[in-house]
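Welcome, and please take a look at the model below. We will walk through it one region at a time.

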Amino acid sequence: MTDAHAAGRTLVLLRHAKAEQPGDVLDERRPLAARGHADAAAAGAWLAKHALLPDVVICSTARRARETWHGVAMGMTGSPPEGGSAGPAPVVRYEAEAYEAHMEDLLTLVRRVDPAARTVLLVAHNPGISLLSALLDPLRADQDGMRTSDVVVHRPEVGWADLDRGRAPITDHHTARG
């Protein structure tokens, strides 16, 4: 696929929002903290303000990631993710492989996206999501990694299936706080 054909693609990486501290519940079932809910909505509002509404959402199946996506959708549209006022609802893929994923696993999930998709939002966990960002743009990625509710916008120079090291420059970064 040529660079011209890939023009206009956007990959938005979002580390899930702040979760409750581990306790008696399994890690995968940890909910968002009150701050996490506010931060997720703030991330959605920021995405909407910057016209970064996704066609496809790839979201970890962990509760805190799913709750983050729900809050982001509410922040983008003011309504639940099943159908919002800001445009058609995105295709949402809840992927078990995105939970505790290595960067290669996350990259594989993005490579499977429909070639027609223009904007993809990936909601996942550290260290995988930070390492994926660093892989895609080693020069601009934050060496300290992504914090909770961090949004990193990459602009791939190739199609989704060809995404690889250094092929998606970072064009924006935002830490959402509600």
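Glu100 sits in the loop that runs between strand 3 (91-95) and helix 4. Helices (H or I, at least four residues) and strands (E, at least two) are DSSP runs, numbered from the N terminus. This is a predicted model, in which local features need pLDDT of at least 70 and side-chain atom pairs count only at pLDDT 80 or more, while totals for chains, interfaces and linings use all residues. Residues are numbered from 1 along each chain as its sequence is written, and side-chain values use heavy atoms, with hydrogens and water left out.

**Loop residues**

Back to Glu100: its phi is near 55°, a positive value in a residue other than glycine. Glu100 is exposed, with a relative accessible area of 59%. Here buried means under 20% relative accessible area, exposed over 50%, and partly exposed in between (1.4 Å probe, protein chains only).

Ser149 has a positive phi too, near 65°, and is a residue other than glycine. Ser149 belongs to the loop between helix 5 and strand 5, and is buried, with a relative accessible area of 1%.

Ala141 is also placed in the loop between helix 5 and strand 5. With a relative accessible area of 7%, Ala141 is buried. Contact means heavy atoms within 4.5 Å, and Ala141 is in contact with Ser133, Ala134 and Ile170, leaving aside its neighbours within four places in sequence. Ala141 and His173 are 32 residues apart in sequence, and their C-alpha atoms are 9.4 Å apart in space.

Pro127 has its place in the loop between strand 4 and helix 5. The peptide bond joining Asn126 and Pro127 is cis, with omega about 5°.

**Two helix pairs**

Two packed helices are described by the angle between their axes and the distance between the axes. Axes are lines fitted to C-alpha atoms, for helices over the stretch in contact, and angles run from 0 to 180 degrees between N-to-C directions.

| Helix pair | Angle | Axis distance |
|---|---|---|
| Helix 2 (residues 34-49) and helix 3 (residues 63-77) | about 45° | 6 Å |
| Helix 4 (residues 103-111) and helix 5 (residues 128-136) | roughly 70° | within 8 Å |

Angles under 35 degrees count as roughly parallel, over 145 as roughly antiparallel, 65 to 115 as roughly perpendicular and the rest as oblique. Helix 2 and helix 3 are therefore oblique to each other. Their crossing, that of helix 2 and helix 3, is right-handed; a crossing is left-handed if the near helix is turned anticlockwise from the far one by less than a right angle, and right-handed if clockwise.

Which residues of helix 2 meet helix 3? On the helix 2 side they are His37, Ala40, Ala41, Ala43, Gly44, Ala45, Leu47 and Ala48, and they meet Glu67, Thr68, Gly71, Val72, Gly75 and Met76 in helix 3. By class, this contact of helix 2 with helix 3 has eight nonpolar, five polar and one charged residues. Ala, Val, Leu, Ile, Met, Phe, Trp, Tyr, Cys and Pro count as nonpolar, Asp, Glu, Lys and Arg as charged, and the others, Gly among them, as polar.

Helix 4 and helix 5, in turn, are roughly perpendicular to each other. Met103, Leu106 and Leu107 in helix 4 meet Gly128, Ile129, Leu131, Leu132, Leu135 and Leu136 in helix 5. The contact of helix 4 with helix 5 has eight nonpolar, one polar and no charged residues.

**Around helix 5**

Seven of the nine residues of helix 5 are buried, so helix 5 is largely enclosed by the rest of the structure. These buried residues are Gly128, Ile129, Ser130, Leu132, Ser133, Leu135 and Leu136. They pack against strand 1 (10-15), helix 4, strand 4 (119-124), strand 5 and strand 6 (170-175).

**Two strand residues**

His154 lies in strand 5 (residues 150-154) and is buried, with a relative accessible area of 0%. The side chains of His154 and Ser133 make a polar contact at 2.9 Å. A polar contact is a pair of N or O atoms within 3.5 Å; within protein, one must be able to donate a hydrogen and the other to accept it, and residues adjacent in sequence count only if both atoms are side-chain atoms.

Ser60 is part of strand 2 (residues 56-60). Ser60 is buried, with a relative accessible area of 0%, and its side chain reaches the backbone nitrogen of Ala62 at 3.1 Å. Not counting residues up to four places away in sequence, Ser60 touches residues including Tyr94, Glu95 and His125.
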